[in-house]
Amino acid sequence: MAPIDSDDSTTAGEGEAPRAGRRRAARYVVPVSVMAVAAATIGLVPALADSGDPDLPEVTAQQLIQKIAESDVQQLSGTVRINTDLGLPDLGGLESGLMSGMSGGPGAGAGDDDGGSSADPSAKLTELVSGSHTLRVAADGPDRQKLSLLENAAEYSLIHDGKDVWGYDSRSNEVYHSTTSPGAERPAKKAPATPKDFTEEALKAVDDTTSVTVDGTAQVAGRDAYRLVIKPRQSGSTVGVISVAVDAETGMPLKFTLTPSSGGAAVVDAGFTRVSFAKPDASTFDFTPPKGAKVTEGDEMPKAPERSRAADGDLAEGLDGLEVIGEGWNSIATFDTGGQGLPTASAGGDLGGFLGSFGDQVKGDFGSGTVFTTRLVNALITDDGKVYAGAVTKDALVKAANAAK
């Protein structure tokens with residue numbers, strides 16, 4: 001079927017100046033929604049359709065965005081496949097440890113002698129930031145959800161049933177338990193896990209620097225879907241194309257793919273391989289700690305150090321002195337660490353030498369520094385402790401640092 005509305009470059013808020021607060025907070029959601037250090041999102045296979053393109057009524061991009069906004073799927077079950085290809089160096093598992101530690105949850109460093117639990121979701125779900133993962137998901141209204149992370153010969157499950165939230169790690173036979181207020185939509189997560197999670201964040205970034213079109217149809221997990229395409233209008237961004245397969249009947253995103261401007265494999269790909277909108281069996285959400293399992297109560301876990309709001313996911317408001325320069329997809333977050341650049345060898349900075357080996361040394365009017373690059377999010381740390389980060393090219397970071405002098 002020929003693409004639908006391929007010339008309909010609908011822009012949200014076209015003709016209006018982008019709202020400053022929205023730009024500050026929303027611009028970083030796509031590249032940074034699972035980012036604890038420099039980058040962490042999810043991706044691989046660029047193909048969107050499972051099979052032939054279905055013949056569906058034409059819709060505009062604005063109508064499809066509205067359909068997503070009005071989607072209210074309360075009951076579902078299915079399997080989601082998530083992969084990551086950020087092009088990060090192999091740190092032998094160190095990156096997962098860094099992510100867990102920087103998640104800041106009380107279970108960070110779980111499994112150590114600090115009283116943490118390997119079943120604590122604030123640490124466990126950081127594993128989604130790298131590699132390939134298969135999830136089973138189920139939901140029955142705002143009070144019942146279940147997410148299971150399938151691993152080699154093991155499984156981690158996060159269950160929300162009424163006021164109870166259970167995490168169970170079968171590998172260690174550990175259980176985490178906490179309570180939540182009745183009516184809470186779902187237990188807190190540190191990373192998006194479904195196409196809907198990713199799509200909601202991506203749509204926050206849509207403004208007059210963005211082209212949004214409907215580009216044909218697809219079939220995903222046996223469901224007919226429209227293909228929504230989101231592209232930055234500006235050059236200089238590392239974000240190339242975001243494709244979302246939107247269920248034609250329910251409006252729920254079934255597949256999310258983010259391809260970088262450099263091309264090649266996608267950085268982000270999360271999609272259902274199986275989905276049903278029937279009511280899950282009530283037993284799906286039942287959980288009783290297995291015999292012999294170590295059970296850790298959330299309110300008994302060690303208190304985490306006080307964190308900034310950035311650690312809770314509000315990057316733009318959470319760092320003192322953080323500014324956002326530029327606009328649209330070329331926005332760059334910058335802040336001053338107070339002169340704390342990478343440690344130098346002369347200062348006994350073996351760690352600085354190790355980290356520096358993964359970056360590119362750069363110089364400019366700002367002085368000198370190190371650029372750490374991924375296929376999506378890049379960061380410049382100057383020798384005098386200033387940080388510039390965003391989903392932009394290395395040249396854009398250097399230009400921004402020069403302009404700030």
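How many of the nine residues of strand E2 (residues 132-140) are buried? In this predicted model, seven of the nine residues of E2 are buried, and the strand is accordingly described as mostly covered.

**The chain as a whole**

The secondary structure of the protein chain comes to nine helices and 18 strands. Of its 405 residues, 47% count as buried, and the chain exposes about 18200 Å², of which carbon and sulfur atoms supply 49%. Among contacts between residues at least 6 apart in sequence, 63% join residues at least 24 apart.

**The sheet of twelve strands**

Twelve strands form an open sheet with mixed pairing, and their order is E7-E8-E9-E10-E11-E1-E2-E3-E4-E5-E6-E12. Strand E7 (210-220) and strand E12 (294-297) stand at the edges, and because each has a single partner strand, one side of each is left without a neighbour in the sheet. From one strand to the next, the twist averages 15°. Helix H6 (residues 195-204) packs on this sheet, where it touches strand E1 (75-84), strand E8 (223-232), strand E9 (239-247), strand E10 (253-260) and strand E11 (268-276), and the direction of H6 makes about 60° with that of E10.

Strands of a sheet pair through backbone hydrogen bonds, and the pairing may be parallel or antiparallel.

| Strand pair | Bridges | Residue pair |
|---|---|---|
| E1 and E2 | nine bridges | Leu76 and Ala139 |
| E2 and E3 | six bridges | Thr134 and Leu150 |
| E3 and E4 | eight bridges | Arg144 and Asp161 |
| E14 and E18 | four bridges | Phe335 and Val387 |

With E3, E2 forms a hairpin that has three residues between the two strands, and Gly141 in the turn has a positive phi of about 80°.

Which residues of helix H9 (residues 394-404) are buried? They are Leu397, Val398, Ala400 and Ala401, and, seen down the axis of H9, they fall within an arc of 160°, so they line one face of the helix. An α-helix has 3.6 residues a turn, so residues three or four places apart point the same way. On the other side of H9, Asp395, Lys399 and Ala403 are exposed.

**Single residues**

Asp164 lies in strand E5 (residues 164-169), and its side chain makes a polar contact with the side chain of His177 at 2.8 Å. Not counting residues up to four places away in sequence, Asp164 touches Ile159, His177, Ser178 and Thr179.

Two loop residues can be set side by side. Thr374 is found in the loop between strand E16 (367-372) and strand E17 (378-382), and Thr374 counts as buried because its relative accessibility is 12%, which is under the cut-off of 20%. The side chain of Thr374 reaches the backbone oxygen of Val377 at 2.8 Å. Ser262, in the loop between E10 and E11, has a relative accessible area of 60% and is therefore exposed, the cut-off for that word being over 50%. The C-alpha atoms of Ser262 and Thr238 are separated by 7.0 Å, although these residues are 24 residues apart along the chain.

Terms used
Residues are numbered from 1 along each chain as its sequence is written. This is a predicted model: local features need pLDDT of at least 70, side-chain atom pairs count only at pLDDT 80 or more; totals for chains, interfaces and linings use all residues. Side-chain values use heavy atoms; hydrogens and water are left out. A polar contact is a pair of N or O atoms within 3.5 Å; within protein, one must be able to donate a hydrogen and the other to accept it, and residues adjacent in sequence count only if both atoms are side-chain atoms. Contact means heavy atoms within 4.5 Å. Buried means under 20% relative accessible area, exposed over 50%, partly exposed in between (1.4 Å probe, protein chains only). Two strands pair if DSSP finds at least two bridges between them. Axes are lines fitted to C-alpha atoms, for helices over the stretch in contact, and angles run from 0 to 180 degrees between N-to-C directions. Accessible areas come from the Shrake-Rupley method with a 1.4 Å probe; for residues, only the protein chains shown count as cover. The arc is that of the directions from the helix axis to the C-beta atoms.
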